[in-house]
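Thanks for coming, everyone; I would like to walk you through one model today, beginning with the ligand and then turning to the helices. Please have a look at the structure before I start.

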Amino acid sequence: MADKDGLKVAKNYHLDEPFANMGDFHVKGAASLDWGMKKHLSRIFDPITGKTVMFAFDHGYFMGSTSGLERLDLIIPKLEPYVDVLMATRGGLRTCVPASTRCGVALRVTSGSSMMNDDLSHEVVAVGIEDAIRMNADCMAVQTFIGADGQLSSLDNLSKVINDGFKYSIPTLGVVAVGKEMERTDRFFKLATRMLAELGCQIVKTYYCDNFEDVVAACPVPLVIAGGKKLPEDEALTLAYNVIKGGAAGVDMGRNIFQSEHPAEMAQAVRKVVHEGFTDKDAYDYYRELVDKEI
Ligand code: 5RP
């Protein structure tokens, strides 16, 4: 292992040069993967725009019933037409999402903590690869805790899921967790996202930060960005705009959609930013128009 003290700080991300190894495929870092992996990735990332709107409603896996997600069976059918991918637990999917959905599926496969714990960083792989195959999951989501007490076990979980994923051509989505005590700097996100990609994830979910373009450039797989805690709709659309402008391949948004007063309209506005290049301002005007039509 390299001597930590002797390492130079990375600084040249060549922001003016696009990723050099796209081949003839639309997903960053996936040019050399096999057909099955590419098929799943194409259900996640639109082959025309290369981007994705993922809708995360897996919060119940450690939060139980959450504001806005009290009734998955009622909210999901309203949002499903406007998003590309549903990110959920197997329980949420099997009980409340019709199997006829045309959305891709990001299946959360780790769990082990709850809101009752102070330290949320200890999880296990709770869903086996056989069940991911049975559910036709397009990727398996694994929570990782870089710099936290649970780092080692979460990277062990991640590696096991990636190994199984390669056996059956199912991509792994590594989720960068940010705990109370954990850093939220570009230095941290550069470290965490790059580690996950180098460990073999095909997609990484992370957060927006300063110098976000550097984080994107340093990570050889697509980044999708969590929305985080609920913001006013115009600010959430600015977040979506900034992450796309910064080079993210999409959003994986939860609360800023399902806790909006108008979740379906919000999902449609986010879609305009991600797939159609709307500015945040235009997307907010569009959102207001949709809401006013409804009233
Ligand atoms: C937890 C997750 C959640 O799915 C994600 O954070 C939810 O999205 P949001 O922050 O937008 O509510 O991955 O680590």
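Which oxygen or other atom of the ligand lies 3.1 Å from a polar side-chain atom of Lys205? That atom is an oxygen of the ligand, and the pair is a polar contact, meaning two N or O atoms within 3.5 Å.

Before I go on, this is a predicted model, in which local features need pLDDT of at least 70 and side-chain atom pairs count only at pLDDT 80 or more, while totals for chains, interfaces and linings use all residues. Residues are numbered from 1 along each chain as its sequence is written, and side-chain values use heavy atoms, with hydrogens and water left out.

Staying with the ligand, an N or O atom in the side chain of Asp58 is 2.5 Å from a ligand oxygen, and for the side chain of Arg255 the corresponding distance to a ligand oxygen is 2.8 Å. Taken alone the ligand exposes 360 Å², of which the protein buries 94%, with accessible areas from the Shrake-Rupley method and a 1.4 Å probe. The shell around the ligand divides into five nonpolar, five polar and five charged residues, where Asp, Glu, Lys and Arg count as charged, Ala, Val, Leu, Ile, Met, Phe, Trp, Tyr, Cys and Pro as nonpolar, and the others, Gly among them, as polar.

Now the helices, which are DSSP runs of H or I with at least four residues, numbered from the N terminus. Helix α6 (residues 151–168) packs with helix α7 (residues 186–199) at about 40°, their axes 10 Å apart; axes are lines fitted to C-alpha atoms over the stretch in contact, and angles run from 0 to 180 degrees between N-to-C directions.

How values were computed
Polar contact = N/O pair within 3.5 Å; in protein donor to acceptor, adjacent residues only side chain to side chain. Helix = DSSP H or I, 4+ residues; strand = E, 2+ residues; numbered from the N terminus.
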